[in-house]
Structure formats: C-alpha cells, structure tokens
Amino acid sequence: MADARPRRPARPREEVFATARAAIAEHGLAKLTMAGLGKQLQMSAGHLLYYFGSKDQLLLETLRWSEEQLGARRREALADHTPDPWQRLDAYLRLYLPEGPGDPRWILWVEVWGRSPASAEIRQGQQEIEAPWQADLVALIEEGTAAGHFTPGPAADRAVQLRALLDGLAVPIAIGLPEADRPAALGQATAVATILLRA
C-alpha cells in the first residue's frame with residue numbers, strides 16, 4: 001500500500017538561501033552540515049545536495065543571491081543622476097561596507113575568499129559576483145570625470161584601488177576586530193576617494 005503521508009513541498013530557493021546565509025554567518029561554513037540545514041528547512045540533506053551538489057556550491061549560490069539583493073539597491077542608488085557624482089559615490093561606499101560585526105553578507109565573502117585558492121569553480125563564481133561592483137564604479141568614475149567633477153585618469157585602475165581599500169577596511173569590521181568600525185572606515189574610504197578623484 002502506498003504511503004499516505006502528505007509530502008512536504010520543496011522550500012522556495014529564497015528561503016533556502018536566507019536560512020543558509022544566517023547559518024553560515026552564525027557558525028561558519030565548516031560547522032554547517034547539509035543535514036543540519038535540512039533540519040532547519042524541514043528538507044532532507046539529499047534534497048539539498050540534489051540541488052546544490054556540495055557545500056561549496058551552496059555557499060557560492062547563497063553569496064550570489066545575497067549580492068543580487070544588494071545589487072538592486074546599488075543600481076537604484078547609482079541610477080539617480082544627481083548633478084553631483086560625489087553623492088552617488090558616497091551611496092556606493094555605504095552599500096559596499098559591512099553594517100557591522102558579523103554582517104551575514106560579508107561573512108559569506110570571507111568564507112568564499114578562504115575557499116577560492118583550492119577551487120577554480122569558487123574563483124570563477126567570485127569573479128562573476130564581483131564584476132558588477134567593478135563595472136558600476138568604473139561607469140560612475142567615467143561619468144564624473146566627463147562632467148569635470150573627477151580628475152582625469154584611468155577609471156578601471158582607480159576603481160580597483162578603491163575596491164581594494166574597501167575590502168581591506170571591510171574585513172576587520174565584519175569579523176569584529178577591536179577598533180574597526182563602520183563610521184571610521186567610511187571616513188577613511190571617503191578621504192582616499194577624494195585624493196584619487198578630486199578634480
């Protein structure tokens with residue numbers, strides 16, 4: 001006789017990603033098990049593995065989902081063609097930096113960077129996820145330069161320099177190092193951006 005128990009519907013991917021992001025931020029990927037995540041979602045570990053294949057792939061897809069959410073906010077902020085590109089640059093800097101220690105989005109990045117050296121798949125995914133941040137900053141610098149607000153110079157190089165600075169300021173905040181805080185980091189990023197770009 002067939003099992004008459006009702007089958008649980010598969011959880012929406014949004015719920016899977018949100019739960020995975022919270023679990024990774026709280027415990028780290030090393031302590032996350034597919035069985036434990038499945039229990040939180042009332043899904044089997046096998047079901048999760050069927051969709052994601054591995055914890056690394058789950059991590060990468062969770063980061064992609066997280067960045068797509070923030071990407072929508074970034075595009076909206078940069079689409080506001082206010083006459084002063086400095087205001088849009090400020091919005092970019094604020095979106096880039098972590099909200100504070102344990103910021104789930106940034107903990108995902110720390111986990112991805114830690115796994116990148118051993119995985120070409122993770123490295124490729126990381127580059128794809130980072131690319132829109134670079135492209136949007138390059139476009140903003142080019143626009144500001146063309147309008148005379150920023151000093152002339154190679155936009156791509158300056159964008160790389162600014163993002164490297166932001167990454168360096170962000171990680172200590174995200175992992176909760178003493179004396180690393182968002183307001184100070186924002187001030188430092190703004191000061192360096194002014195040196196690089198001020199016309």
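**Entry 1**

I began with burial. Buried residues make up 41% of the 199 residues in the chain. I note here that the model is predicted.

Next I looked up the surface. The chain exposes about 10600 Å². Carbon and sulfur atoms supply 56% of that area.

I then checked the extent of the chain. Along the principal axes, the C-alpha atoms fill a box of roughly 80 × 35 × 30 Å.

How many helices and strands are there in the chain? I found nine helices and zero strands. Read from the N terminus, the order is α-α-α-α-α-α-α-α-α.

I also looked at contacts between residues at least 6 apart in sequence. Of these, 68% join residues at least 24 apart.

**Entry 2**

I picked one helix pair. In general, two packed helices are described by the angle between their axes and the distance between the axes. I looked up both values.

Helix H5 covers residues 85–96, and helix H7 covers residues 120–146. The crossing of H5 and H7 is left-handed.

Which residues in H5 and H7 meet? From H5 I listed Pro85, Arg88, Leu89, Tyr92, Leu95 and Tyr96. From H7 I listed Trp133, Gln134, Leu137, Leu140, Glu143 and Gly144. Sorted by class, this contact has eight nonpolar, two polar and two charged residues.

Is Glu61 buried or exposed? Glu61 has 18% relative accessibility, so it counts as buried. The cut-off for buried is under 20%. Glu61 lies in helix H4, residues 55–79. I set aside its neighbours within four places in sequence, and Glu61 is then in contact with Phe17 and Phe52.

I went on to Arg158, which is found in helix H8, residues 155–174. Arg158 also counts as buried, because its relative accessibility is 5%.

What does Arg158 touch, not counting residues up to four places away in sequence? I wrote down Ile141, Thr145, Thr151, Pro152, Gly153, Leu196 and Leu197.

Arg158 and Gly46 are 112 residues apart along the chain. Their C-alpha atoms are separated by 46 Å.

Last, I turned to backbone angles. Most residues other than glycine have a negative phi. I looked up two residues with a positive phi.

Gln42 is not a glycine, yet its phi is about 55°. Where is Gln42 found? Gln42 is in the loop between helix H2 (34–41) and helix H3 (45–52). Gln42 counts as partly exposed because its relative accessibility is 46%.

Glu179 is not a glycine either, and its positive phi is about 70°. Glu179 sits in the loop between H8 and helix H9 (182–197). Is Glu179 buried or exposed? Glu179 has 82% relative accessibility, so it counts as exposed. The cut-off for exposed is over 50%.

**Entry 1: recap**

I compared my notes on the single residues. Glu61 counts as buried at 18%, and Arg158 counts as buried at 5%. Gln42 counts as partly exposed at 46%, whereas Glu179 counts as exposed at 82%.

Notes. Residues are numbered from 1 along each chain as its sequence is written. This is a predicted model: local features need pLDDT of at least 70, side-chain atom pairs count only at pLDDT 80 or more; totals for chains, interfaces and linings use all residues. Side-chain values use heavy atoms; hydrogens and water are left out. Axes are lines fitted to C-alpha atoms, for helices over the stretch in contact, and angles run from 0 to 180 degrees between N-to-C directions. Helices (H or I, at least four residues) and strands (E, at least two) are DSSP runs, numbered from the N terminus. A crossing is left-handed if the near helix is turned anticlockwise from the far one by less than a right angle, and right-handed if clockwise. Contact means heavy atoms within 4.5 Å. Ala, Val, Leu, Ile, Met, Phe, Trp, Tyr, Cys and Pro count as nonpolar, Asp, Glu, Lys and Arg as charged, and the others, Gly among them, as polar. Buried means under 20% relative accessible area, exposed over 50%, partly exposed in between (1.4 Å probe, protein chains only). Accessible areas come from the Shrake-Rupley method with a 1.4 Å probe; for residues, only the protein chains shown count as cover.
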